[in-house]
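Here are my notes on the model you sent over, as numbered points. Have the structure open while you go through them.

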Amino acid sequence: MRMKAEIAIKPKIELVKAKNRVPPFVMPLVKTLIILADAFLAFSSFALAFIWREGDAIFSQTAWAWSKEFFPYAGVLFFLVPVRLVMLAYQRVYRLQGAFSYIAEFIKIFKAVSLGSLLIISFTFLFRGGFAFREFSYSRGVFTLDFVLALVIFSTFHLGLRYLQTLFRKRDINLIPTLIVGTNAEAEQTIQELKARPDLGYRVVGILATEDTEKHREDFENHSVCSVSSVAKKFSGVQIVGDLDDLPNVIRELAIQEVIITDSRLPSETLFEAMMKIGRRQKVEFRLAPSLFNFLPQKTSVEQIGVLPMVRLFREPLSDAERFVKRLFDIVISAVLLILLSPFWLLISLLIKFDSRGSVLFKQERVGMDGRRFLCYKFRTMHSDAGEELHREAYRKNINGLIEANAGNDEKPVFGKVKDDPRITPVGKFLRRTSLDELPQFLNVLKGEMSVVGARPPIPYEVEEYDIWHRKRLDMKPGITGLWQVSGRNRLTFEEMVRIDLYYIENWSLWLDLKIILLTLPAILRGDGAR
């Protein structure tokens with residue numbers, strides 16, 4: 001009876017989204033102003049270093065221009081300022097949400113300034129101010145002073161900003177909507193810490209019950225247990241908003257940005273399903289409470305939130321240095337190719353327009369790393385009124401390993417494709433055969449949703465058919481090309497594709513990415529994309 005009563009009242013739980021104390025545009029504006037201030041500080045630091053070391057002015061006294069003495073150094077500024085900003089961004093100095101410590105903040109600034117100075121010095125003494133100043137001898141003292149001044153100025157500025165941030169947080173501003181999953185002592189400890197320390201930057205807006213809350217309320221009254229029901233009773237601002245089945249809906253309705261898990265019984269597939277269901281617009285971090293350290297998956301990092309060590313889930317299986325190298329590689333490759341191939345964009349767009357009615361670009365929801373959804377861009381290769389039923393059925397057969405999944409023959413098998421697909425246009429067949437339809441995906445790479453090299457991005461209805469071990473192929477960002485594409489592509493069964501993707505994830509290296517890119521062109525010339 002008690003359980004029936006719970007089921008009956010469950011739909012009556014009203015989810016009340018926490019109101020923001022400031023308009024949504026304020027935080028992006030603040031971050032932009034901080035970046036602009038950092039650009040000015042980077043310039044000021046270098047200018048002061050020059051003035052103190054050389055004793056000369058940086059501006060001409062007779063005209064609105066650089067002084068003769070500073071002119072050779074002026075070219076360095078075009079590299080120096082962006083490098084300072086990029087290094088600060090890479091060290092996540094501009095991340096204004098969540099917990100921080102002054103020591104950790106200083107260490108991040110020290111790393112950013114040190115690495116930035118090394119890059120600036122390397123650039124300067126290799127570049128030598130361009131051809132106009134290739135014989136000029138730059139003062140090493142200027143760059144040494146610039147390092148010291150930059151470290152002092154950036155540290156003072158950003159640590160001061162962090163102090164101001166704590167004052168705003170005590171006024172209930174800049175707090176992350178947080179959901180607690182669990183009904184145990186760890187949940188109570190976490191809530192108490194977060195409510196007692198608003199400077200940490202978290203606002204607990206709800207709890208997901210993982211126990212019989214009615215029973216535990218009676219146990220609490222008898223002083224036999226301390227569960228989430230007691231937490232909700234002690235802290236009236238925190239309500240039980242559902243159970244594990246409600247996780248995706250609660251995340252969506254309450255605009256949750258942090259989920260802290262305190263119950264070790266939570267199945268890992270539940271988290272993945274939540275990531276799949278909340279959609280591409282919602283950015284959510286998942287963390288584990290201290291008692292769950294024995295259950296850590298590989299893709300984690302330990303962080304401190306107040307006195308509580310927390311584990312951030314769903315991290316790429318690469319080190320920070322490897323992620324930086326891969327991301328930099330993606331940005332450079334995609335930017336260069338977008339510029340070089342821009343004439344093809346115009347030509348392909350005209351061909352598509354003349355061939356059939358509809359838009360030039362085709363946007364489709366795909367599943368990225370850890371189940372996060374995003375809009376994938378491609379040139380349209382089908383008729384605008386084409387449905388997805390044929391492909392859905394073809395891929396269902398492919399995932400299940402059915403014989404009918406082969407759209408080719410025994411000698412030339414083709415898996416995951418619709419045989420004689422009537423939806424494809426004449427121009428679309430050419431674009432698919434040459435893989436030119438995938439050129440717009442370089443925009444996804446620039447946005448950080450995809451990588452140049454990685455696993456093929458699946459469609460949501462494909463992922464719904466996955467077994468648990470298949471989902472490991474989503475441990476890294478999907479790619480435009482990949483080991484699967486150059487190892488046989490559609491000639492391989494679904495399970496062979498997954499094993500190849502897992503091999504790539506476990507053996508990633510920059511050299512492997514380069515080899516895959518070099519092997520992609522022959523695969524395109526063979527027409528593998530048409531199979």
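1. Overall picture. Among contacts (heavy atoms within 4.5 Å) between residues at least 6 apart in sequence, 75% join residues at least 24 apart. Keep in mind that this is a predicted model, where local features need pLDDT of at least 70, side-chain atom pairs count only at pLDDT 80 or more, and totals for chains, interfaces and linings use all residues. Residues are numbered from 1 along each chain as its sequence is written, and side-chain values use heavy atoms, with hydrogens and water left out.

2. Make-up. The protein has 18 helices and eleven strands; these are DSSP runs numbered from the N terminus, with helices being H or I of at least four residues and strands E of at least two. Of the 531 residues, 48% are buried. For burial, the cut-offs on relative accessible area are under 20% for buried, over 50% for exposed, and partly exposed in between, using a 1.4 Å probe and protein chains only.

3. Aromatic pairs. Searching the whole structure turns up 13 aromatic pairs. The rings of Phe, Tyr and Trp (its six-membered ring) pair if their centres lie within 6.5 Å; planes under 30 degrees apart are stacked, over 60 edge-to-face, and the rest tilted. Tyr90 and Phe324 make a tilted one, at 4.3 Å centre to centre with 55° between the planes. Tyr90 sits in helix α3 (residues 71-90) and Phe324 in helix α11 (residues 320-340), so this pair ties together parts that are 234 residues apart in sequence. Tyr90 is partly exposed at 28% relative accessibility, and Phe324 is partly exposed at 25%.

4. With ring centres 5.5 Å apart and planes at 90°, Phe100 and Tyr102 form an edge-to-face pair. Phe100 is buried at 18% relative accessible area, whereas Tyr102 is partly exposed at 36%. Phe100 also has Arg162 over its face, 4.7 Å from the ring centre. The test there is NZ of Lys or CZ of Arg within 6 Å of the ring centre and within 35 degrees of the ring normal. Elsewhere, Phe46, Phe50, Phe70, Tyr73 and Phe143 form one aromatic cluster.

5. Arg162 again, with Lys108. What links Glu105, Lys108 and Arg162? A network of salt bridges does, a salt bridge being a side-chain nitrogen of Lys or Arg within 4 Å of a carboxyl oxygen of Asp or Glu. Lys108 belongs to helix α4 (residues 102-127) and is partly exposed at 22% relative accessibility. Beyond its neighbours within four places in sequence, Lys108 is in contact with Gln91, Arg92, Val93 and Arg162. Its C-alpha atom is separated by 10.0 Å from that of Ala89, 19 residues apart along the chain.

6. Other salt bridges. The whole structure has 14 salt bridges. Side chains of opposite charge can pair when their charged atoms come close. Arg197 and Asp199 do this at 2.9 Å, N to O; Arg197 is partly exposed at 31% relative accessibility, while Asp199 is buried at 18%. Arg287 and Glu258 meet at 2.8 Å, N to O. Arg287 is in strand β5 (residues 285-288) and Glu258 in strand β4 (residues 258-261), so that pair ties together parts 29 residues apart in sequence. Both Arg287 and Glu258 are buried.

7. Asp501 and helix α17. Asp501 forms a salt bridge with Arg473, the closest N and O atoms being 2.8 Å apart. The pair links distant parts of the chain: Asp501 is in helix α17 (residues 494-506), and Arg473 is in the loop between α16 (460-463) and β11 (479-481), 28 residues apart. Asp501 is buried, with a relative accessible area of 4%, and Arg473 is buried at 1%. Including Asp501, the buried residues of α17 are Phe494, Met497, Val498, Ile500, Leu502, Tyr504 and Ile505. The length of α17 also checks out: its 13 residues should span 18 Å, and its end C-alpha atoms are 19 Å apart, which agrees. The expected span is 1.5 Å times one less than the number of residues.

8. Arg373. Is Arg373 buried or exposed? Arg373 counts as buried, at 18% relative accessibility. Arg373 lies in strand β9 (residues 373-379), and its side chain makes a polar contact with the side chain of Glu365 at 3.0 Å. A polar contact is a pair of N or O atoms within 3.5 Å; within protein, one must be able to donate a hydrogen and the other to accept it, and residues adjacent in sequence count only if both atoms are side-chain atoms.
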